[in-house]
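Subject: Structure for your review

Hello,

Here is the structure we talked about, with the sequence alongside. My notes on what was found follow below it.

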Amino acid sequence: MTTIFEPRADDGAFVLPGATIAGVAQRAVDVRDTTPIYNAATGVVIGWQEHANVAQIDDAVRAARTALPRWRATTPASRGQILKRIAELIEHSRDRLVGAQMRVSGKPPLEAEQDVSDAVATFDYYAALCDDVGLFAPQTVSLPDKTVAGQRYYDAVGVAALIVPWNFPMVTTAWKMAPALAAGCTVVLKPSELTSPVEHMLVGLLAEAGVPDGVVNMVNGGAAVGTQLVEHPLVDKVSFTGSTEVGKRVMRAAANDMKRTTLELGGKSALIVRADADLDSAVSLAVSGAFGNAGQMCSATARILVQDQVYNEFLAKLEAAVGALMVAPPMRAGVSMGPLVSASHLVRVRAMLDAGISDGAAVAFSGRLDESCGKGFFLPPMVVTDPDVDNVLWTDEVFGPVACVKSFHTDDEAIQIANSTRYGLVATVLTADASAAKRYQYSLRAGLVWINTPQLIFPQLCWGGLGLSGIGRELGVEGLRSYQELRHTLSAI
Ligand code: NAD
């Protein structure tokens, strides 16, 4: 595979090619666009991302189409061996990948490490699923008419377009690429143009892992590239992770050819603290749930509901915990929270804060920025208490370090408040009462409910939301099935 980090003659920064097609990095003469890649923690441009042009996108899809018959015909076990090898190579490249995430997104070391571990676990999990013969073998369907035989089997959907955002670039890519390859699909990946160095590194490992040329292709750029990819008639499936607004556009565009879609979108999730919960652990989970990855998580539990008996005590502990967070560049010893991904995202989050505040919300307390933050895209963690239920900070996804806290009296009230949203991605419940926990588990409208745990994610459990949080599920067996078509035969011989 061609070298991807090409030095620029003028300023020494790297330039990432607009596309990688059938294993070859493609520099375009008539580049559609080139955008800077920043170090979010310093605000300095560290490289440039070329955007794929129209011909490159077409070539990438056609390369995936050409590679499809042979890849689809390989055995699941042989695909599993390749996935296992990808997991090993990611693990071997851990330091490089961690370093790239810290350098681009400004993620603190522990968060960058966790992303690599999640990617490894995902490839390992789907490698193991490939050895589960029952998941891939045709199954006989028992019929009342014994003169005919029915069979059901799963077949690869075809060419899958994988479109991912910038907040967990390598993880989201792994969640899509591993099941797609396991299913026998070939893919065209479009990472976010803000964080693409990480995906360039990942794609750079695939040839060594034994992925044949053309099975994984990559096109780079922003909305224009994503749009063209989704609309390409030779794409059979679109797996998109991103904002709900763009998800709607993707769904409309995919409808023209009835492309299969998986949409992992936004959230406005609740964390519920009952009075019987351990308050120290509740505060710790509230902090990680709202301010992990600087709040740039679809699963951010940014609506914190606390039972009224312990509301004041919880708030006092939360204020102390938020005050103790060190917001700083990733190399600073003791860092607990990094920057937002870009200057424009910082502007967007600030504008939302201003709108919420001018509409009556008030920041009760906030953390502070370490002096090392300099010109990076940092924002301190902020806590808003008791905003109106129609305040934008309570209703909309901020995707930044802003959490709202409200009190509740009864479980009924907490469930009603938590469910008063059109999103439904996740929820967290903290309680010592097992029967109360069960009630919340079944009453909260969310794809995943954590009970007395941090936001642990295992590839064995599915990920995906209700309502505006999306359609379909990633991870788990359903994640594999989302890249397969269920087919049947009925035979008289
Ligand atoms: P975004 O929707 O702006 O972009 C996501 C991706 O889609 C990017 O690669 C972008 O270039 C591309 N894109 C933009 N317009 C497109 C179009 N018209 N057609 C096709 N592709 C297009 O989102 P973002 O700002 O990169 O990420 C933040 C959002 O992602 C948040 O809303 C967050 O909740 C969501 N997210 C959801 C999950 C989940 O699992 N549910 C996980 C991570 C992030």
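Is Leu 475 buried or exposed? Leu 475 counts as buried, because its relative accessibility is 1% and the cut-off for buried is under 20%. Please keep in mind throughout that this is a predicted model.

Leu 475 sits in the loop between strand S21 (470-471) and helix H17 (476-481). Its phi is positive, about 65°, although Leu 475 is not a glycine. Most residues other than glycine have a negative phi. Asp 386 is another case: its phi is near 45°, again a positive value in a residue other than glycine. Asp 386 is placed in the loop between strand S17 (382-385) and helix H14 (392-395).

Thr 122

Thr 122 belongs to helix H4. With 2% relative accessibility, Thr 122 is buried. Its side chain comes to 2.7 Å from the backbone oxygen of Asp 118.

Tyr 311

Tyr 311 is part of helix H12, which covers residues 311-324. Tyr 311 has a relative accessible area of 14% and is therefore buried, the cut-off being under 20%.

The chain is split into domain 1 (14-266 + 470-490) and domain 2 (270-445). Their C-alpha centres are 31 Å apart. In the contact between them, 21 residues of domain 1 meet 26 residues of domain 2.

How much area do domain 1 and domain 2 bury between them? The value is about 1700 Å², and 67% of it is on carbon and sulfur atoms. On the domain 1 side, the residues that lose the most area to domain 2 are Ala 41, Trp 166 and Gly 266, which together make up 29% of what that side buries.

Polar contacts are present, with a count of five residue pairs between the two domains. Strand S5 (33-39), helix H3 (94-105) and helix H4 (109-130) each contribute at least two residues to the side of domain 1 that touches domain 2. That side consists of 10 nonpolar, nine polar and two charged residues.

Thr 195

Thr 195 is in the loop between strand S10 (186-190) and helix H7 (196-204). Thr 195 is buried, and its relative accessible area is 0%. Apart from residues up to four places away in sequence, Thr 195 touches Val 104, Ser 105, Pro 165, Trp 166, Pro 169 and Val 341.

Regards

How values were computed: Residues are numbered from 1 along each chain as its sequence is written. This is a predicted model: local features need pLDDT of at least 70, side-chain atom pairs count only at pLDDT 80 or more; totals for chains, interfaces and linings use all residues. Side-chain values use heavy atoms; hydrogens and water are left out. Domain bounds come from an automatic or database domain assignment. Contact means heavy atoms within 4.5 Å. Buried area is the accessible area (1.4 Å probe) that two parts lose on being put together, summed over both. A polar contact is a pair of N or O atoms within 3.5 Å; within protein, one must be able to donate a hydrogen and the other to accept it, and residues adjacent in sequence count only if both atoms are side-chain atoms. Helices (H or I, at least four residues) and strands (E, at least two) are DSSP runs, numbered from the N terminus. Ala, Val, Leu, Ile, Met, Phe, Trp, Tyr, Cys and Pro count as nonpolar, Asp, Glu, Lys and Arg as charged, and the others, Gly among them, as polar. Buried means under 20% relative accessible area, exposed over 50%, partly exposed in between (1.4 Å probe, protein chains only).
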